[in-house]
Amino acid sequence: MDTTTILDGNNTAPHSNGTSKVDQIQEIIRWITFAVGLPGIGLSIYLMGMQAKNGKAAPVYLISLLASDIFNILGRPKASAEDTKNTSMPSMDISSLIFYFGIISNIVFMVCVAQERYLLVTCPQYNAFCMKFKQSSMISLAVWAAPFAILFLAYQGYFVLFSIALLIPLPLLVFFFLDSFRVIWCTKQLAPVPNRNKILGMQMAILSNYSMLYLPFVLNTLLKALSLSSYVYYLGLVADLLLYLGPLVDPFLSILLTNGIGDILKAFPCCSRTNTEENMEIVNTDTVETVSGMLTML
């Protein structure tokens, strides 16, 4: 069986109604993600790059996650729903490989970000001693090998193993979220966890992102590998469309790693210069008032 036949969300069932509408929706989503998602990803990468200069570990993994969205946007296959209605499918070309590599990389780095947030809650000393900027960068580079290995399974036709590998993050993400919730709200700690709501919000956002956007694709691939594609035709159509929405959602994750709009504005030189000038004016005003008060007392 052709590799693209398994991986592509559309199935070969003889459903001709609505295929043209699906193609139109796919084309619209492609243009929206290119026009809106790509600038948003670039802005988020720049913002996380400024955060990473402070030695934080999570932005390094999130930068890699956002970079995988670029593969998603630039490497999308051109197969249409009408083409997939027939049994003849296009071969796994370089565009399809880039697209699915971006999808797999996105899932892998979701686990990395969620794990870092989890260890920040359960093992604070881990964040202080182990997750230095250089170390997290080296780990991030090493993690890029995992998507190649997982994609190689699909390229060789091991679709059941491929699907199982992409299902492993689900229990991990659920465990990270539930155990972090337990540590933060159900146990007594000597020192409160800073930004605990943002930590839980990040893990919940990642779990929701995986469950709603990527899990349908994984289940559809597994069912097709088990020769149950006739029962999941519409699941395949929905899964194919949901994969395109990832680049529109991921940039919002960067907001959960900042301290609000003020922290975001500080990343831009123009706003940072304005804040610096305002602080200097406040200092000068306080100095003048102090000197005037001393002269009045004399």
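Trainee: Let's start with Phe 101: buried or exposed?
Mentor: Phe 101 is buried, because its relative accessibility is 9% and the cut-off for buried is under 20%. Keep in mind that this is a predicted model.

Trainee: Okay, and how many aromatic pairs does the structure hold?
Mentor: There are twelve aromatic pairs. One of them joins Phe 71 and Phe 101, with 5.4 Å centre to centre and 90° between the planes, an edge-to-face arrangement.

Trainee: Which parts does that pair tie together?
Mentor: Phe 71 sits in helix H3 (residues 58-74) and Phe 101 in helix H5 (residues 94-122), so the pair connects parts that are 30 residues apart in sequence.

Trainee: What does Phe 71 count as, with its 32% relative accessibility?
Mentor: Phe 71 counts as partly exposed, because that class lies between the 20% and 50% cut-offs.

Trainee: And why is the pair of Phe 99 and Tyr 100 edge-to-face?
Mentor: Their planes are at 75°, so the pair is edge-to-face, and the ring centres are 5.0 Å apart. The angle cut-off for that label is over 60 degrees. Phe 99 is buried at 1% relative accessible area, and Tyr 100 is buried at 2%.

Trainee: Nice. Changing topic: which residues make the nonpolar surface patch?
Mentor: Tyr 158, Val 160, Leu 161, Ile 164, Ile 168, Leu 172, Leu 226 and Leu 228 make a patch of about 680 Å². Helix H9 (residues 159-167) gives the largest share, three residues.

Trainee: Where is Leu 172 in all this?
Mentor: Leu 172 belongs to helix H10 (residues 169-185). Its relative accessibility is 34%, so Leu 172 counts as partly exposed.

Trainee: Last bit, the whole chain. How many helices and strands are there?
Mentor: The chain has 15 helices and zero strands. It has 298 residues, and 44% of them count as buried.

Trainee: What about the accessible surface of the chain?
Mentor: That surface comes to about 15400 Å², with 69% belonging to carbon and sulfur atoms.

Trainee: And how many of the contacts between residues at least 6 apart in sequence join residues at least 24 apart?
Mentor: Within that group of contacts, 84% join residues at least 24 apart.

Conventions: Residues numbered from 1 in each chain as written. Predicted model: local features only at pLDDT ≥ 70, side-chain atom pairs only at ≥ 80, totals over all residues. Heavy atoms only, no water. Phe/Tyr/Trp six-rings, centres within 6.5 Å; stacked < 30°, edge-to-face > 60°. Helix = DSSP H or I, 4+ residues; strand = E, 2+ residues; numbered from the N terminus. Buried < 20%, exposed > 50% of the residue type's maximum accessible area, 1.4 Å probe, protein only. Patch = residues over 30% accessible without salt bridge, like charges linked within 9 Å, V, L, I, M, F, W, Y side chains within 5 Å. Areas by Shrake-Rupley, 256 points an atom, 1.4 Å probe, with all protein chains shown as cover. Salt bridge = Lys/Arg side-chain N within 4 Å of Asp/Glu carboxyl O. Contact = heavy atoms within 4.5 Å.
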